[in-house]
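This briefing sets out selected features of the structure shown below. The points are grouped by topic, and each term is given with its cut-offs.

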Amino acid sequence: MSKSETELWAALQADVDGLTGPGITPETPLETLPQWDSLAILLVITHFEYVHGRVLSGNKIRACKIGRELLQLIPR
Amino acid sequence: MFSSLSNIRIAGVAVSTGSVTRDFIADGLALDLARTQLERISQTVGLKERKVTAPGITALDLCEDAARRLLDEMGIDASAIDAVIFVTQTPDHSQPNNSSLLHGRLGLCKSTAAFDLAMGCSGWVYGLHQAALLCAHGGAARVLLCAGDTLSRLTNPLDRATDPLFGDAGSAALIEKTGHAPAMHFNLEADGSGAKSICVPAGGARLPATPLTKQEIKDAEGNIHHAENLQMNGSDVFNFTLREVPGSVASVLKMAGWTPMQADALILHQANRFMVSTIGKKCGFAPEKTPMDSVEKFGNQSSASIPCTLIHALGAPLQEKTLKVVACGYGVGLSWGSVALELGPLVVAPLQSFPKL
C-alpha cells in the first residue's frame, strides 16, 4: 500500500466507524466486518461527498468487496 | 419552479403530536438487537425518542386539534377562513379527502374552499406556496394550512430501516393577506424518476390490498416488510438530499438577497439528526442556526416536521420579533421545496400531544 493510499484509508476509517477495528486493512473482506451496514454506507457517502466531492450510490458502495475497492472509487 | 409572493404572512402556527413515546434503544432491545449496535446508531444518526399516535388517532384528528387550538389562541372564528388545505399521505379515507372532513368538523362556511395535497416531507413548503397563492391571487384573505401524517402506521416493526424513524404529528398554520409583508421566495422542484426510493407499493389503485400484499419478506439487510408497508432506500434518499437540497436552499437565499450569515435560521425537514447536520453544513449554515433537536424528541414527522421545529426551536423569539428564516422540505416523490421568508411576530400555540397528557 503506497503512502497516499495509507492516508486515504486512514481518512476513510476516521469517518466510517464500520471500517475500524483491530487488524482491519484495505484487504479485509467488507462482509466480514460486523459494522459494515446501512449506517456505514451512509458514512462512506458522506466521506466521499465532503472529502472527495464525489456522490456515490449505495449500490456502488455495496458492490465493493474489500476496502481497497472503496479507495479505487476516489477521483484521481 | 421559482415564485415570489408579496403581502402575505404566516399569522400563527400550532402542532399536535402523537401521545405515545417510543424509545429507540428500548424498542431495539425488545427485538433482541445488541445494545452496543443500538447505541452506535443512536449516537451517529440521532435516533432517541419519537411520539406516535395512540390507536384510533389519525392525522385528521391531530390536525383538527392543532387547528382548534390555533384558532382559539388567535381568537379567530372559523367563519373567517376562506380556504383549508390539508397536506397528507395518510388520509382517513381514499374518499372523501381530509380537507372536506376537517371542513365539516370545524363547521366551516360553504364559501370556504377545501382541498388536499397528497405530499409528504416537502408538503409543508408546497402547501405554504398554495396558501400564499390563494391569498395573493385567489381572493382569499385567510387560509388554514394543515399538514400531518401518521407514518408510524405504515412501517413494519421488524423493518429497522424505517420503523425507528417516524413520529406522528399534525400541524395548523394560518396564512393571511396583509398590506405590508415582504415577499416569500419559493423554489419547488421534483424528480419522479426517483419515485421508488420512498414508496408504499400496495394499497392503491395500481396494486390493491389483498392477503398476498400482506405477505412479509426479508430484504438483503434482514429487514422484514410487506407490500403495504412504507419502504425506503436510505442511501438513495440520502444521496438525493445531498445532491438537491443545498442548491435549492441557495436559490431562495439568492432570491431574498441574503447570505447564510444574514439569515437567522435554516429549518430543514427533520429526517434524522445526521442528515440535518450534514445538509445544514453543506448549505453553509452554522450548526447553531440549523435546529436538529426536534427529530430526537419527536421523530421524523413528515410534513409536520418544519412547523414543529419552528415551534420547538424558535417558538419564543417568533412570538416577539421578525426572523429571516429559510425552510426546506424534501422527500417522497421525490420532491423538494424551499422558502425564504421573514417570519414573525406570530401566534404560537404550545406544542402538545393529542390526546393531551
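Two strands pair if DSSP finds at least two bridges between them. Helices (H or I, at least four residues) and strands (E, at least two) are DSSP runs, numbered from the N terminus. The model is predicted: local features need pLDDT of at least 70 and side-chain atom pairs count only at pLDDT 80 or more, while totals for chains, interfaces and linings use all residues. Residues are numbered from 1 along each chain as its sequence is written, and chains are lettered from A and ligands numbered from 1 in the order in which they are written.

**Five-stranded sheet of chain B**

- Chain B holds an open sheet of five strands in the order 1-9-16-15-14, with mixed pairing.
- The edges are strand 1 (2-5) and strand 14 (265-268) of chain B; each has a single partner strand, so one side of each is left without a neighbour in the sheet.
- From one strand to the next, the twist averages 15°; axes are lines fitted to C-alpha atoms, for helices over the stretch in contact, and angles run from 0 to 180 degrees between N-to-C directions.
- Within chain B, six bridges link strand 9 (residues 184-190) to strand 16 (residues 335-343) in the antiparallel sense.
- H185(B) has A340(B) as its bridge partner in strand 16 of chain B.

- A residue is buried if 20 or more other C-beta atoms lie within 10 Å of its own, exposed if 12 or fewer, and partly exposed in between, with C-beta atoms placed from the backbone.
- By this criterion, strand 7 (residues 142-149) of chain B is mostly covered, with eight of its eight residues buried.
- In a regular strand the side chains alternate between the two faces of the sheet.
- In strand 7 of chain B, R142(B), L144(B), C146(B) and G148(B) are buried on one side, and V143(B), L145(B), A147(B) and D149(B) are buried on the other.
- Strand 5 (residues 83-87) of chain B runs parallel to strand 7 of chain B and is joined to it by five bridges; V87(B) is the bridge partner of A147(B).
- Strand 8 (residues 169-177) of chain B runs antiparallel to strand 7 of chain B, and eight bridges join the two; R142(B) is bridged to E176(B).

- The expected span of a helix is 1.5 Å times one less than its number of residues.
- For helix 5 (residues 123-137) of chain B, with 15 residues, this gives 21 Å, in agreement with the 21 Å between its end C-alpha atoms.
- Helix 5 of chain B is mostly covered, since twelve of its 15 residues are buried; among them are W124(B), Y126(B), L128(B) and C135(B).
- Just after helix 5 of chain B, G139(B) has a positive phi of about 85°.
- Helix 6 (residues 234-256) of chain B has 23 residues and should span 33 Å; its end C-alpha atoms are 32 Å apart, which agrees.
- Helix 6 of chain B bends by about 30° at E244(B), with the proline P246(B) following within four residues; the bend is the angle between axes fitted to the seven residues ending at a residue and the seven starting there.
- G257(B), which follows helix 6 of chain B, has a positive phi near 75°.

**Backbone exceptions in loops of chain B**

- Most residues other than glycine have a negative phi, and most peptide bonds are trans.
- The peptide bond between Q95(B) and P96(B) is cis, with omega about -5°; P96(B) lies in the loop between strand 5 and helix 4 (98-106) of chain B.
- A cis peptide bond also joins G344(B) and P345(B), with omega about -5°; P345(B) lies in the loop between strand 16 and strand 17 (347-348) of chain B.
- D32(B) has a positive phi near 65° and is exposed, with 6 other C-beta atoms within 10 Å.
- S302(B) has a positive phi of about 55° and counts as buried, with 33 C-beta neighbours inside 10 Å.

**Contact between chains A and B**

- Eleven residues of chain A are in contact with 15 residues of chain B, where contact requires C-beta atoms, placed from the backbone, to lie within 7 Å.
- Helix 2 (residues 38-52) of chain A supplies the largest share of the chain A side, seven residues.

Terms used. Two residues are in contact if their C-beta atoms, placed from the backbone, lie within 7 Å.
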